[in-house]
Amino acid sequence: MPQSILTYHGSYSAKLLDPRWKEKRKSILARDAHQCVICKSKETLNVHHRQYHFSKSLKQFKDPWDYPNDLLITLCKRCHDKGHRLYEVPVKCVD
């Protein structure tokens, strides 16, 4: 199994400050009309990865900004938290 998701999320948080992520996030929010795709709330929005990609050759997860737009969706904090409680984000091994 790839490195722990918990370990990944430690470094992942820091990557959310990267200008490349900020640009990607901005474009996804605009695409989704700055509202949650589930409940249409415009409060406390997150851009959610529908799956994670683990590179077998590099032995690491892809950077958050390197995902195709169709794997990213806008969710409000409530729907995002609920989704993470109910479902595990799938990990796809690539390479």
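What share of the contacts in the protein with a separation of 6 or more is accounted for by residues 24 or more positions apart? In this predicted model the share is 75%, a contact being heavy atoms within 4.5 Å. Local features need pLDDT of at least 70 and side-chain atom pairs count only at pLDDT 80 or more, whereas totals for chains, interfaces and linings use all residues. Residues are numbered from 1 along each chain as its sequence is written, and side-chain values use heavy atoms, with hydrogens and water left out.

The protein has three helices and five strands, in the order α-α-β-β-β-β-α-β from the N terminus. These are DSSP runs numbered from the N terminus (helices H or I, at least four residues; strands E, at least two). Of the 95 residues, 33% count as buried, that is, under 20% relative accessible area with a 1.4 Å probe, protein chains only.

The largest nonpolar core has 11 residues, among them Trp21, Ile28, Val47, Trp65 and Leu72. Such a core is a set of buried Ala, Val, Leu, Ile, Met, Phe, Trp, Tyr and Cys residues joined through side-chain atoms within 4.5 Å. At least two residues of this core come from each of α2 (19-31), β1 (45-49) and β4 (72-76). A second, separate core of six residues includes Phe54, Phe61, Leu71 and Val89.

Strands β1 and β4 run antiparallel and are joined by five bridges; pairing requires at least two DSSP bridges between two strands. Asn46 has Leu75 in β4 as its bridge partner. Because four of its five residues are buried, β1 is largely enclosed by the rest of the structure.

Conventions: Buried means under 20% relative accessible area, exposed over 50%, partly exposed in between (1.4 Å probe, protein chains only).
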